[in-house]
Amino acid sequence: MQDSNSVIEQSTSVKGMNSDLRIRKHPILEFERGRLVTIHLNGEKIKAYEGETIVAALYAAGIKTYSRSVKYGRPRGFLCGIGKCSSCLMRVNGMPHVRTCLALVEDGMKIEYEKGHGESPIATEVEVKEERVDTDLIVIGGGPAGLSAAITAANLGVDVFVVDENPKIGGQLIKQTHKFFGSKQNYANVRGIEIAKMLLRDLREADAKWTVNASAIGYYESKKHMLAVVQNNSKLIEVRADEIVVSTGARENMLLFPNNDLPGIYGAGGVQTLMNVYGIKPGNDALIIGAGNVGLIVGYQLIQAGVNVKMVVEAMPKIGGYLVHAAKLRRLGVPILTHHTIKAAEGKGHVEGATIVELDENWQPIEGTEEHIDVDLVCLAVGLTPSSEILFQAGCKQAYIPELGGLVAIHNEDLETTLKGMYVAGDVSGIEEASTAMMEGRITGANAAMKLGKDRAKAEKVREESLKHLEGLRSSPFSERVLKGKKKAWEIWREAN
Amino acid sequence: MGNLEGGELSSYEATGVPTPEHLERILPPKERLKKGSVVIIECIQKIPCDPCAHICKFEAITKGSLTDPPEVNYEKCTGCGECVAACPGLAIFVVNTKYRNDKALVTIPYELLPTPKRGEIYEALDRDGKKVGEAGIINARKVKNGTAVVTIAVKRHLAMDVRNIGRKLK
């Protein structure tokens with residue numbers, strides 16, 4: 001329907017450049033690319049730009065398979081693009097199981113497909129460094145919630161250390177090209193990418209420490225909270241902190257249908273990462289599954305990136321996202337079919353098409369309503385699940401609360417879990433959105449400061465204001481469900497304490 | 001969930017295109033439309049959002065609470081269009097039915113490439129993305145936040161239908 005919106009530059013020469021999928025012109029974004037380098041995939045030379053992840057560089061060169069399933073050898077693309085799904089594990093410079101969606105390219109880097117379960121590295125291949133960090137507060141995950149927690153606490157005099165496993169800090173904000181709703185206090189009418197920059201600026205001004213490509217992989221009991229953090233697969237950071245804010249976000253849900261593992265079928269957030277962070281066109285013709293805000297927003301962003309969005313299908317009888325987001329797609333000629341879902345994907349080695357089907361009142365496919373559409377990209381926008389692993393490993397009590405997206409660490413209104421001094425904020429405490437995540441972050445930052453005996457009056461004021469803003473943001477009917485879930489979590493927390 | 005009043009599921013919620021009944025609730029009175037430039041805010045859900053109410057210098061747009069849909073005082077609205085790029089949902093338009101005898105102006109938010117230029121002709125699209133006529137670009141300016149505010153001239157009877165532009169025709 002739409003003209004190819006952004007311009008794809010067709011370069012010549014080395015492999016990877018003549019089918020270069022990098023976006024050069026975009027209505028909202030400008031892509032700053034680093035120095036041109038060469039990486040090697042199983043001996044084949046591929047051009048890449050510094051600052052790109054391995055997956056981004058390979059994808060730009062048209063390479064969309066990164067691993068194979070162990071038993072049947074089925075090709076695997078990337079699904080999530082943010083280190084949560086393990087679809088892109090490859091051997092990099094001798095190191096097995098590297099999440100190539102997180103690891104940045106380096107000149108001369110040797111990347112290999114892994115066979116079966118992969119092979120252990122030879123001990124001499126990898127040099128491991130060690131470091132110890134003592135801090136008042138560690139924040140795990142530098143998205144809107146974590147950064148808000150860190151900034152708030154640091155401004156109240158707390159010594160803060162933020163770790164994030166992505167190469168860029170800012171969480172999902174760095175790929176949100178749309179303008180945010182809300183009020184002045186939560187950056188209304190500012191694009192997510194700009195909010196990320198503002199938060200990073202505030203983080204620097206507040207003098208908080210932070211580091212990227214660093215995963216908190218384990219919690220250990222000691223006098224203080226102790227965490228093992230692994231950075232760049234080669235450095236072990238032992239962190240001791242009085243307080244912890246876990247703001248690890250969420251992972252995207254999968255949907256069950258034949259061939260759902262074909263490369264070309266990705267989570268909506270993964271697609272955003274590829275096209276909005278690294279400026280790579282994810283496909284030519286797209287089908288979007290799910291008409292919640294994520295599906296609607298990604299559909300619009302795909303059109304901005306020059307992708308033809310064929311349709312959005314939604315199993316529910318109504319559009320779940322805001323109608324203003326739906327209207328943006330509709331007036332671009334994109335149909336939104338409610339009571340419809342994907343029945344199967346088709347393709348050899350990569351998705352080439354999909355069959356959609358209408359559902360009856362009981363969610364059953366109506367025979368004879370199948371329709372085939374040619375697409376090379378399927379975006380799954382069917383909800384998120386909190387990334388709670390570290391919380392459960394640490395021993396926080398959990399509960400299954402469907403309104404919050406599944407298993408969550410139960411917490412009180414101040415977002416403290418059943419483990420003293422361990423807080424949750426943002427999607428990991430219940431799937432919501434960035435504006436509320438920022439408010440939750442502020443609440444935890446203020447609480448941590450109070451616990452540590454910092455400027456109590458000021459901290460209490462920040463806490464109260466943030467609680468009030470959060471209540472305002474949740475006063476819409478769209479928040480009824482999540483509020484119900486939150487109340488359950490608070491109630492279970494009270495019973496447990 | 002019931003985000004729209006009235007209880008029963010409306011086709012607006014099933015398709016994303018407002019029904020005439022919904023439009024009636026958000027369109028200015030006919031008398032006001034006849035007087036020239038006026039805002040049309042196509043936002044009827046309870047969304048926690050308020051930049052439109054803050055940007056209006058004439059206090060023509062108000063919100064009862066953060067989540068109430070915006071209300072427009074059409075007598076105060078001058079049709080200046082400052083609110084068009086201020087709406088995060090790209091749901092605000094300005095219509096001037098007094099432009100020429102047979103032509104009306106529609107001002108739309110636009111975030112695709114290429115940014116239209118004065119004098120060019122584009123397809124005029126309705127809320128369903130269907131081509132319903134031609135749109136002459138009268139003015140296009142990109143505001144600081146990246147949204148372009150584009151004013152197009154369309155046949156007067158299309159003023160309440162055209163809400164987007166499609167392919168460039170010339």
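1. The centres of domain 1 and domain 2 of chain A, taken over C-alpha atoms, are separated by 30 Å. This is a predicted model, in which local features need pLDDT of at least 70 and side-chain atom pairs count only at pLDDT 80 or more, while totals for chains, interfaces and linings use all residues. Residues are numbered from 1 along each chain as its sequence is written, and chains are lettered from A in the order in which they are written. Chain A is divided into domain 1 (33–125), domain 2 (129–251 + 385–496) and domain 3 (265–382), the bounds coming from an automatic or database domain assignment.

2. Ten residues of domain 1 of chain A are in contact with seven residues of domain 2 of chain A, a contact being two residues whose C-beta atoms, placed from the backbone, lie within 7 Å. On the domain 1 side of chain A, the residues that touch domain 2 of chain A comprise seven nonpolar, two polar and one charged; here Ala, Val, Leu, Ile, Met, Phe, Trp, Tyr, Cys and Pro count as nonpolar, Asp, Glu, Lys and Arg as charged, and the others, Gly among them, as polar.

3. Between the chains, 42 residues of chain A are in contact with 39 residues of chain B. The elements of chain A that give two or more residues to this side are helix H5 (293–304), helix H6 (323–330), strand E20 (336–338) and helix H9 (456–473), where helices (H or I, at least four residues) and strands (E, at least two) are DSSP runs numbered from the N terminus. H6(A) gives the most, with eight residues, and by class the side of chain A that touches chain B has 21 nonpolar, twelve polar and nine charged residues.

4. The largest nonpolar core has 196 residues, of which A:Ala150, A:Val378 and A:Cys379 touch the most other members. Helix H8 (residues 434–451) of chain A supplies the largest share of this core, nine residues. Such a core is a set of buried Ala, Val, Leu, Ile, Met, Phe, Trp, Tyr and Cys residues joined through C-beta atoms within 7 Å. Leaving out residues up to four places away in sequence, A:Val378 touches A:Gly264, A:Ile265, A:Leu287, A:Ile289, A:Ile342, A:Ala345, A:Val351 and A:Ala354.

5. Helix H4 (residues 268–277) of chain A deserves a separate look. Ten of its ten residues are buried, so H4(A) is largely enclosed by the rest of the structure; a residue is buried if 20 or more other C-beta atoms, placed from the backbone, lie within 10 Å of its own, exposed if 12 or fewer, and partly exposed in between. The cover over the buried residues of H4(A) includes helix H1 (54–60), strand E17 (265–267) and strand E24 (377–380) of chain A. Just after H4(A), A:Gly279 takes a positive phi of about 65°.

6. A:Tyr266 lies in strand E17 of chain A and counts as buried, with 27 C-beta neighbours inside 10 Å. Apart from neighbours within four places in sequence, A:Tyr266 is in contact with A:Gly77, A:Phe78, A:Leu79, A:Val271 and A:Cys379. Its C-alpha atom is separated by 7.7 Å from that of A:Leu377, 111 residues apart along the chain.

7. A:Glu389, found in helix H7 (residues 389–394) of chain A, is partly exposed, with 17 other C-beta atoms within 10 Å.
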